[in-house]
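Please look over the structure shown here before reading on.

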Amino acid sequence: MSKPDFSALLRRSDVFGHLGDEALAALVPELQWFSLPGGRTLFKQGDPADALYFVVSGSLGVFAGPTEWVRLVAAGDSIGEIGLITGEARHHTARALRDSELLRLDLATYEALTQRHPQAMLGVARVAIGRLQERLRGDESPGIARTFALLPASPDVPARSLAMQLAMELEHWGSCAVIDAEHGAGRGSDWFAEREAQARFVIYLDSTGDSLWRERCLRQADVLLLPALAAQQPRPWPEAMPMHPSRAGHRPRHLILLHPGRQPALGAAKRWRAEFSGELHHHHVGGRADIARLARVISGNARGLVLAGGGARGVAHLGALRALHEAGHTFDAVGGTSIGAIIGASVAAGWELDATIDTLRRAFVQGRPLSDWTVPIVALTRGKRAALMLRRAFGALDIEDLTLPFFCVSTCLSGDGMMVHRDGPLWLWLRASSAIPGVLPPVLHHGRVFVDGALVDNLPTDVMADDGLAHITAIDIRAEISLLTTAEEFATPPWWQLLLGRQNIQRPGLVSTLVRAAMVNSEGPSEHRRERADLLLTPPLEHIGMLDWKDWERAMEAGYLYTKSVLEKQG
């Protein structure tokens, strides 16, 4: 079979698009054209960096270790530029997610080419430096999937309707074609490659259950979309099995749970997820807004919200959220720590903002969750009122039941450090995420001890960024919370001297000391985490105490006015 002319394709690429006619004519004959079956490894971590690869069709997955996802390399993109410039060994493993065609430019040929055409090095160097900078910042782009296989769990799933609605939403970022068995059955690889070259996105739809067509959908897809009727009894799903060909290359999989209404059915996600092994994303879809959110997620255009901890000052999140809502901001995933996790969970659950404000006012102001004082053997409070408050607010919801993807952060004192919770009882992990050491007792669960996430990550934008969100809005509680004193002493005086002593001596209180100590450890890394936010909001809250819940209205007003001012300045 004669080698095609790849000149037009290379001209559209970042790495070779700048070449002049002479340099491009010299390059094309030197490129080795080959195919790589889905699931086959291109190179492994630690291998010598002896070539650059350009993806003609198909896609590659880049992994740290055997299965930890790093990014996707789609058709028209390249991989291996850093090693070609630096000579370093491969940092990651690259594997074909589906049947792919690649061009290889080996090191010796590249060096010879740069001697004859020095400008040929510029594009490679530019891409290599950009990716090296991303690696150093820790924010490597996850890559953008272009082809999706929509494979329903059963004939009852309205797969065609879902595919058409999803295609309409994807059209916001480029053309989208839907190919089903009627159009694609019996076609050759060239036909599919041509369709993928013409459209920005392609959905391969199985609406008939034909096994041969379903296998073709699998071979063509970067990502698997697996819709099911949430109310049905989960059933064995071929693409869920560990040894099924769909697992070749460890492609991203998205379980789409279809609900008759906007509110997800309790327990549906846990039941359906139990049918799968390995990494799996799930989405609750009950209307057009959910399909639009799914389109943003799979096309790499999702927006995330991260809320920091900060005690009573965290009520400012509510005011900031009102201003963001009035400005038309929507979010596709939510995460947070401590009070930020509690308010974030209300957003992920789809609560109306006014209902959230009323619930939290009754819970924190009237409910006084820190008022069940006890003999401080474990903590100053029993923690029972705080737990009951969270259970009343969120009921039997599991994290998986929330409308939006959600996580909260706690600190495991049993050796694990930072813990990111994405499943399990929502109230329990919110209780752990807000367990200020010494003030609230830790959560003891399965032999391990969990306390406030603020100890390690008070603003978890790093977790959200690792999930591949395109835009992150973060609300941080940055008010000055240094503890100051007018006393000069190394030991506390007897209690009677404290009662009878001078009133103008200022000493930090026990609760203030514990709260401040809980947050100090995460402040150093927080500056880097603030940089991960595309929109960082830091309301001025010096006038609000960390446990001054009676000032909740002032905190909320401060968050609203500050955020509104920032958004107005942005235009």
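Aspartate 452 has 3% relative accessibility, so it counts as buried (under 20% relative accessible area; exposed is over 50%, partly exposed in between, with a 1.4 Å probe and protein chains only). The model is predicted: local features need pLDDT of at least 70, side-chain atom pairs count only at pLDDT 80 or more, and totals for chains, interfaces and linings use all residues. Residues are numbered from 1 along each chain as its sequence is written, and side-chain values use heavy atoms, with hydrogens and water left out.

Aspartate 452 belongs to strand β20 (residues 448–452); strands (E, at least two residues) and helices (H or I, at least four) are DSSP runs numbered from the N terminus. An unreviewed UniProt entry gives the feature "active site" at Ser338 and Asp452; such annotations may be inferred rather than shown by experiment. The two are spread over 115 residues of sequence, yet they cluster in space, with a largest C-alpha distance of 6.4 Å.

Serine 338 sits in the loop between β16 (333–337) and α13 (339–348). Serine 338 is buried as well, at 7% relative accessibility. Beyond its neighbours within four places in sequence, serine 338 is in contact (heavy atoms within 4.5 Å) with Gly309, Ser433, Ser434 and Asp452.

Elsewhere, four strands form an open sheet in the order β2-β7-β4-β5, with antiparallel pairing; two strands pair if DSSP finds at least two bridges between them. β2 (41–43) and β5 (68–74) are at the edges with a single partner strand each, so one side of each has no neighbour in the sheet. Strand β4 (residues 59–64) is joined to β5 by six bridges.
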